[in-house]
Amino acid sequence: MAEFGENMSAVGPPVAGCKAASGGTGTSLETHRGEPVSNGSCSVPNAGKKVQNDSSCESPKWESTGPDSAAKPIPRRSSLIKDGSRAGREKKKTVSFSSSLSEKKISSASDCIHSMVEGSELKKIRPNSRVYQRYYLLDAGLQALCWEPSKKESDKARISLSSIREVRTGRNTETFRTSGVYDQISEDCAFSIIYGDIYESLDLVANSAEVANIWVIGLRYLMQYGKHTLDMLASSQNSLRLGWLEQLFSSAANQDTRGDATEGIHLELAIKLIQGVNPGVNSGKVEHRFKELQRLRERMCELTIDNGSGLEDYSENKKLTARNERVTKQEFVEVFHDFCTRPEIYFLLVQFSSNKEFLDTKDLMRFIEAEQGMAQVSEETSLKLIQAHEPSEKGREQGYLSLDGFTSYLTSAECHLFDQEHSIICQDMTQPLSHYYINSSHNTYLIEDQFRGPSDISGYIRALKMGCRCVELDVWDGADEEPLVCTGHSLSPPLLLHCVLEAIRRFAFAASEYPLILCVENHCSLRQQKVMWQHLMRILGEKLYTDPPDEEASYLPSPHALRHRILLKGKKLVPSSDGEDGEVSEEDEGAEMCQKIKAVNSGGAAPGGSEKDTVQKIVVTSSPSSVPPKRFQLLKELSDLVNLCQSVTFIDFPTSSKSQKPWEVCSFHESLAVRLASENPGDFVNHNKHFLSRVYPNPMRIDSSNMNPQDLWKCGCQIVSMNFQTAGLMMDLNTAWFRQNGNCGYVLRPAIMRQEVSYFSADTRDTVPGVSPQLLHVKVISGQNLPKPKGSGAKGDVVDPYVYVEIHGIPADCTERRTRTVSQNGDNPIFDESFEFQINLPELAMVRFVVLDDDFIGDEFIGQYTIPLECLQPGYRHVPLQSLTGEELPHAKLFVHVALTNRRGGGKPHKRGLSVRKARKGRDYTALRDLGIRAVDEVFKMAAPLLREATDLRGNMQNSVAVFRELCGVSAVANLMQCILALSSRVSEPEGMPLLLFDLRDQYPTLEPQGSLPDVLRRVVSTYEMMVQASRAVMELSDGIHDKILHIQTTAMEFHEKLQSLGTKEGLKGSKVSRAVERFSWNITILKGQADLLKHAKAEVLENMKQIRDAALAGNLTKERAGLRRASSQTRRGHNEKLAMSTRGQSA
């Protein structure tokens, strides 16, 4: 519902609590034309009209909005590091369709129908792409849909409700799809009315998603219950909620000892009852709403107690004053309705409830399967959820889930966006250590900046509790022969080494059992190195891993094999026969900062210059510099403790490939790592298949800011050291990334980065060879309890929120989209905007939701939530927002719908949709590349026709599914279960016998006509048969093609070790040999990827057939259930007519 602002201030809320003022609750059905309707209250019809002006949907280009009305791309912005501010963005303020305190929220079909009788301005889309603005309304008798102005005669500018076959949501008719304005129409604001014997369509666009929902819900009810709909609803409307609220109120009144129960309950108790259902609601707003109703009650009652002499009865006045702290049942129900009703959830409930005001066990089961992506759901599963979430005793007894129960379910942990399967360790932990990303901390002992900030043991404790598996110790000589941990070139105070080791021993495995790496930067003399060794042996003891590496091994041991062990990373003496101490190069990551400080100081400082000015000069003059490493004496006993993580200096990739051992680790300066990622992305990825790489921040990040870990993860760098003490975007990415495997500190890298022979370029801006790109569909529906930005006081309690949806991953995937601004509503802003993102490497992608407060001075941070793509749960989900420092904001959430569909198969078929709407263009075939080595090229040429055949098999199947989906009138994110359920409503005849039925006796269900069919349904049948035929081909042919492709891959791999010599024989030299090796990797990646995609396509077909069976049974579209369907339909129709007659009799 729209927040109308000043224009609505004169409109009073409904009056409650005074008999003289409550003469009736009916809404006038008088039609007002030509101007916005006002019925003297804040009821739904007025709201429905007002929304036409204060639209929450973007206006398409045909609106006269000026030359700049078209959507402009919004530039990417800088990281939110500390203050969360955003500047220089495009302003885009609109008014939301959300409820204010004095508005009646839509929570029933009768609300929708009353709004439709008042009418709405809608845009009509014609097949020629012409758009007409018309005023649509129901006639007073609820018999027909009319519109004006129109060139047609009045009797032709109408559609009889009895002729309507289907009400379809979204842009899902041929008229919409072929329209020239398709891309300018919001999916959430579009709907179509299918009517008549030839299934004509009236295609409409509302000015807001909620207006579209009002029409869809209202028309569907009228289709099912006819002209007696309002009578039927009046007798049964919200009976579950009202019964529960009456019981809740009575129970509270019996326990309230502070007054007369007949006068209601105490105001404070009423507020607590409402906060018990909606904990995030502000008590002051609830109290203000109660007081508002009481003032109205007083004014109305004063008129009735006037004694005729102009003087009011004193005793009555006193009684009214005493009642100001009491709340009547009617007032309580009304205020509960205001603060605990979410229209967006009501619309969702009715969509799945077969036009009832509640969900039964079958409805809920269908919702959980079709939308939430759960497998193996039964009515018992639904009943358990109802017992857990339905507040009313009557609902629990009958197995019904009311609006309040459905809201409870959707806001529970079961509907969290994060997949709880990932809250425990769910990845293979037996692969080599180099195959994992490792959660790593930089200068762990610092808790503020790098130059002067304090050091504290709490830095280690916090990092280890957060799942960090790699911490740093810079050890220097200290007084009294006690080594210290500190940054040697800064003013930060030191810590005693033995105290740090004690903390590490205590918390090393508090959050994870997998190995902990201690990066020791040793700057001590031999004498204090001896003390360091003693501390390590005494404190860490048996936890230290001291076994020498296996000289024959090609990889490091696995995290599983190294559980509860601590690995030291540091310098190692070269093996020698004398077994004495020796000299090694010193690791000193802070030397560059020291050098810059000296350069700045030697240049002279201005008199009175502050330390801040000095630091600023350091940052401004910073550039990567080569500081020659010093040499120092290393204690033999200390060297012996370093085994699996021996520090070596990186020279170049060819040198590492020839001479580096698996247990040797290179540390990269951030600037060097970013340059290598840009100049040699493929080499960097291949390097990290065998060796651990550690990247540390530029020492000039004096403020402890963080680099973007994704820039290094995309190259396969395992250890990207982060400043855990600094909140912001980069730390959000790091924290979220390592949550996906039980927060154990280890995440398995993408398969394409682990395979011995594979092609992957970290800077790709296109699809990844061998990886199926996926489409992520995100609909941001609403927000709840969004707080005022921390420290903000300029606008008081007013919040103007909007949402950014960001994708982080490889360069081809990085993008962001934003919603419109919802003006002055942080309680329940309605956004209703959908976005689509192509994800080319799903295994490395993350999604980030950022909520900001739109302010002309500078947008301020409200909250964020970041999640790996692999952890997303599909369906309708709530997103818990977090503060800048990572704490969860109490009761602050976003409500979203998420679907992940595949362009070319794959994904998680048991959880996600399976196909997408695809443009009818020529099919792309992935090409293999010539190496210039004849023998190898001949082998790869054998695979070309097989790859083409595999692509055709998958493409034909998925295209046929897409066409069938379009004919079923559902969106691109819908799976086949949703297609069949949508079809079930269209093929029903009035007498209850469907026009189409499924025969489920075969492996592939057949769709059989039950008599003559209109043309549109004949097309559905023929398209379904094509889909089954294409699916059958995948099942019958894919295994043979798959085996042949793998055989060619195996044959080609026999040449792998001999590529260099074969290239030389063919006359290839230098870069041509390197190019041949790269193309060989490309071809192997393509072969393996296509073979995997065939396996996924087969699994996709099996899942499709299962969904068709389940949906046919759920929708009573099987031959076995046809008789039952007819009988139940007749019984239900008789019951509705009987109920309507009974209601009319009572009113008479």
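Trainee: Why are helix 28 and helix 30 called roughly antiparallel to each other?

Mentor: This is a predicted model, in which local features need pLDDT of at least 70 and side-chain atom pairs count only at pLDDT 80 or more, while totals for chains, interfaces and linings use all residues. Residues are numbered from 1 along each chain as its sequence is written, and side-chain values use heavy atoms, without hydrogens and water. The axes of helix 28 (residues 944-968) and helix 30 (residues 1015-1053) cross at roughly 155° and come within 8 Å. Angles over 145 degrees count as roughly antiparallel, and helix 28 and helix 30 are therefore roughly antiparallel to each other.

Trainee: What residues make up the contact of helix 28 with helix 30?

Mentor: The contact divides into 20 nonpolar, five polar and three charged residues.

Trainee: How do you know that strand 25 is largely enclosed by the rest of the structure?

Mentor: Buried means under 20% relative accessible area (1.4 Å probe, protein chains only). Eight of the eight residues of strand 25 (residues 801-808) are buried, so the strand is largely enclosed. Pro801, Val803, Val805 and Ile807 lie on one side, and Tyr802, Tyr804, Glu806 and His808 on the other.

Trainee: What makes strand 25 and strand 29 a pair?

Mentor: Two strands pair if DSSP finds at least two bridges between them. Strand 25 and strand 29 (residues 846-853) have eight bridges, in the antiparallel sense. Within this pairing, Ile807 stands opposite Val847.

Trainee: How many bridges join strand 25 and strand 26?

Mentor: Strand 25 and strand 26 (residues 815-818) pair over four bridges, also in the antiparallel sense. The two strands form a hairpin with six residues between them.

Conventions
Axes are lines fitted to C-alpha atoms, for helices over the stretch in contact, and angles run from 0 to 180 degrees between N-to-C directions. Angles under 35 degrees count as roughly parallel, over 145 as roughly antiparallel, 65 to 115 as roughly perpendicular and the rest as oblique. Ala, Val, Leu, Ile, Met, Phe, Trp, Tyr, Cys and Pro count as nonpolar, Asp, Glu, Lys and Arg as charged, and the others, Gly among them, as polar. Buried means under 20% relative accessible area, exposed over 50%, partly exposed in between (1.4 Å probe, protein chains only).
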